[in-house]
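Colleague: Can you walk me through this one? I'd like to start with the ligand.

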Amino acid sequence: MIKVGIIGFGRMGRFYLKEMLKSPKWEVVYICDVYEGSRELARKLAPNAKVISDEDIIFNDPEIQVVTLTALADSRLQHVTKAIAHGKHIISEKPVADTTENEWKVVEMVEKSDRLATVNLYLRNSWYHHQMKQFIQEGELGELAIIRICHMTPGLAPSEGHEAEGPCFHDCGMHYVDITRWYAESEYKTWHAQGMRMWNYKDPWWVQAHGTFENGIVFDITQGFVYGQLSKDQTHNSYTDIIGTKGIVRMSHDFHTAVIDLRGVTKTERIEKPFGSKNIDILIDLFADSIECGKLHPQLPRLRDSAIASTAAWNMLNDTWKHDLPAIGDQKTLDEILYRRAHMTNGYGLLHQVNC
Ligand SMILES: NC(=O)c1ccc[n+]([C@@H]2O[C@H](COP(=O)([O-])OP(=O)(O)OC[C@H]3O[C@@H](n4cnc5c(N)ncnc54)[C@H](O)[C@@H]3O)[C@@H](O)[C@H]2O)c1
């Protein structure tokens, strides 16, 4: 079993624990968090793990092979530096640091070392994106031309949670910026972004960016946590819509089930399977195999992929300020949203929920 220390035991840290406890490949030896409330929960959920507040105990333990970095991005550079210095392999949450400059420092440090490192760009481990890419590679769409991705939910509201990791187009949207590049197999060339400062918040909380890749493929990405926060019964709208010169393939999900609809040149298919959530079971399984054979599994994203996606997401977000950037709504409505979210027990991306 691979001995691991989890650093940061919030929502994501708990996801890792849950999957690592189920896996025969992993032994969670330590859980570290600076907040006593998180440590208390860790003691309940992982009675066999050592629950600590001093991260150096993990880095100094020669038996620990892997660290899972699930605190916030502002501590990532420090954690990666220590991990490399102490010879640990790394599973990192995104973004891999708190500023673009620090992200590239982290990439450089990891790439100069002989340690294995991956990042949880979870869409890359989803069955539906792999299946759709396979249809594209089989030629079912003709030539790939247009990639359209949309993710709008009544999720993380302004001022909640990961504020330091940027507005939601960066915090969450970088996943879509990354997966779009994964489909295009090319680098971002041009972009234009329109934002909306919903509820008169200082930053855009809805962004639509479109543009081109070096290879001529065009994209449009829409992301916003602005989708009916005060509706009686909440819903979301999340889809991927890929258009080729001859056929199309699209996907939508309700967070429980994902459905792919293919209209290819030789076949029409509809595939419906469980959504798979953050796919952490797949990530840790492939990372365990990577350690076993000493080489990162090709499906797993590298920290460089995360830094590229993060940089591109910042670029697109910053572009919204260069055009008309309206504000609609007011603080009173945002206060109502924050109050409702603070008292919800079942909702989108609630950080205060402690279910493992
Ligand atoms: N890959 C994804 O799909 C995805 C989804 C959500 C969040 N995230 C990322 O995962 C990270 C964690 O997010 P979360 O939702 O779990 O946040 P969270 O606020 O629920 O948890 C963060 C935890 O880290 C602890 N912490 C903060 N600084 C620490 C430090 N220096 N040492 C040890 N513990 C520390 C906090 O006390 C808290 O318990 C963020 O960077 C976030 O962007 C990724």
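Colleague: Which domains does the shell around the ligand draw on?
Modeller: At least three residues come from each of domain 1 (2–115) and domain 2 (123–277 + 302–343). Those bounds come from an automatic or database domain assignment. Mind that this is a predicted model: local features need pLDDT of at least 70, side-chain atom pairs count only at pLDDT 80 or more, and totals for chains, interfaces and linings use all residues. Residues are numbered from 1 along each chain as its sequence is written.

Colleague: Which residues come nearest to the ligand?
Modeller: Gly8, Gly10, Met12, Ala71 and Glu93, out of 28 residues around the ligand. A residue counts as near if its C-beta atom, placed from the backbone, lies within 6 Å.

Colleague: And the make-up of that shell by class?
Modeller: There are 11 nonpolar, 9 polar and 8 charged residues. Ala, Val, Leu, Ile, Met, Phe, Trp, Tyr, Cys and Pro count as nonpolar, Asp, Glu, Lys and Arg as charged, and the others, Gly among them, as polar.

Colleague: Which element gives the largest share of the shell?
Modeller: H1, with 3 residues. Helices here are DSSP runs (H or I, at least four residues), as are strands (E, at least two), numbered from the N terminus.

Colleague: What span does H1 reach?
Modeller: H1 covers residues 11–22, 12 residues in total, and reaches 17 Å from its first C-alpha to its last. The expected figure is 16 Å at 1.5 Å a residue, taken as 1.5 Å times one less than the number of residues.

Colleague: Which H1 residues are buried?
Modeller: Met12, Gly13, Arg14, Phe15, Tyr16, Leu17 and Met20. Buried means 20 or more other C-beta atoms within 10 Å of the residue's own; exposed is 12 or fewer, partly exposed in between.

Colleague: What covers them?
Modeller: The cover includes strands S1 (2–7), S2 (26–32) and S4 (66–69), plus helices H2 (36–45) and H9 (280–293).

Colleague: New topic. Which residues touch the most other members of the largest nonpolar core?
Modeller: Val28, Ile31 and Ala313, in a core of 96 residues. Such a core is a set of buried Ala, Val, Leu, Ile, Met, Phe, Trp, Tyr and Cys residues joined through C-beta atoms within 7 Å. Helix H10 (residues 303–320) gives the most, 9 residues.

Colleague: What does Ala313 contact, sequence neighbours aside?
Modeller: Leaving out those within four places, Phe169, His170, Gly173, Met174 and Val177. Contact means C-beta atoms, placed from the backbone, within 7 Å.

Colleague: Last one. How far apart are the domain centres?
Modeller: The C-alpha centres of domain 1 and domain 2 lie 27 Å apart. The contact takes 14 residues from domain 1 and 11 residues from domain 2.

Key
Two residues are in contact if their C-beta atoms, placed from the backbone, lie within 7 Å.
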